Amino acid sequence: MPEKTVTVGSSIGLHARPAAIIAEAVVNAGAEVTLSVDGGEPVDAGSALMIMTLGAGQGAQVTVASEDEAALATIADLVTQDLDA
């Protein structure tokens, strides 16, 4: 599965607000997307709760994976943004 490793840009990490924005984008893309940190188990990026279980703070490296290249690019871009702004 194609993947891309990016740095979390949200000032306080992937907590409720950024997780909800990312999960909504995954659902809207209609594709399977996973997120993982430090080689850990991937979680369903379509679930805000699962994203929050990663405990990814600002500056953490997160791997985004998806067979859908457009969804992969969109979610990778969202992870790098400060979605708290």
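**Entry 1: T34 and strand 2**

I began with T34, which lies in strand 2, a run covering residues 34–37. The model I am reading is a predicted one.

I then listed the contacts of T34, leaving out residues up to four places away in sequence. T34 touches P42, V43 and A45, and also T63, V64 and A65.

I looked next at the directions in which the residues of strand 2 point. T34 and S36 point one way, whereas L35 and V37 point the other way. I noted that all of these residues are buried.

**Entry 2: The partners of strand 2**

Which strands pair with strand 2? I found strand 3, residues 43–44, paired with strand 2 in the antiparallel sense over 2 bridges. Strand 4 also pairs with strand 2 in the antiparallel sense, here over 4 bridges.

I followed single residues across these pairings. L35 stands opposite V43 of strand 3, and T34 has A65 of strand 4 as its bridge partner.

**Entry 3: T63 in strand 4**

I moved to T63, one of the residues that T34 touches. T63 lies in strand 4 and, at 16% relative accessibility, counts as buried.

With which side chain does the side chain of T63 make a polar contact? I found the side chain of T5, at 3.1 Å. Not counting residues up to four places away in sequence, T63 touches E3, K4 and T5, together with T34, L35 and S36.

With residues up to four places away in sequence left out, the contacts of L35 include E41, P42, V43 and A45. Also among them are I51, L54, V62, T63, V64, I75 and V79.

I then turned to the largest nonpolar core, which has 26 residues. The members that touch the most other members are I22, L35, I51, V62, V64, I75 and V79. Two or more residues of this core come from each of helix 1 (16–29), strand 2, strand 4 (61–65) and helix 3 (69–80). Which element gives the most to the core? I found that helix 3 does, with 6 residues.

**Entry 4: The whole chain**

I closed with the protein chain as a whole. Its secondary structure comes to 3 helices and 4 strands, and from the N terminus the elements run β-α-β-β-α-β-α. The chain has a radius of gyration of 11 Å, close to the 12 Å that the globule rule gives for 85 residues, so it is as compact as a globular protein of that length. I noted that its C-alpha atoms fill a box of roughly 30 × 25 × 20 Å along the principal axes.

Of the 85 residues, 41% count as buried. The accessible surface comes to about 4,300 Å², and carbon and sulfur atoms account for 52% of that surface. Among contacts between residues at least 6 apart in sequence, I recorded that 73% join residues at least 24 apart.

Technical notes. Residues are numbered from 1 along each chain as its sequence is written. This is a predicted model: local features need pLDDT of at least 70, side-chain atom pairs count only at pLDDT 80 or more; totals for chains, interfaces and linings use all residues. Side-chain values use heavy atoms; hydrogens and water are left out. Contact means heavy atoms within 4.5 Å. The radius of gyration is taken over C-alpha atoms; the globule rule is 2.2 Å times the number of residues to the power 0.38. Buried means under 20% relative accessible area, exposed over 50%, partly exposed in between (1.4 Å probe, protein chains only). Accessible areas come from the Shrake-Rupley method with a 1.4 Å probe; for residues, only the protein chains shown count as cover. A nonpolar core is a set of buried Ala, Val, Leu, Ile, Met, Phe, Trp, Tyr and Cys residues joined through side-chain atoms within 4.5 Å. A polar contact is a pair of N or O atoms within 3.5 Å; within protein, one must be able to donate a hydrogen and the other to accept it, and residues adjacent in sequence count only if both atoms are side-chain atoms. Two strands pair if DSSP finds at least two bridges between them.
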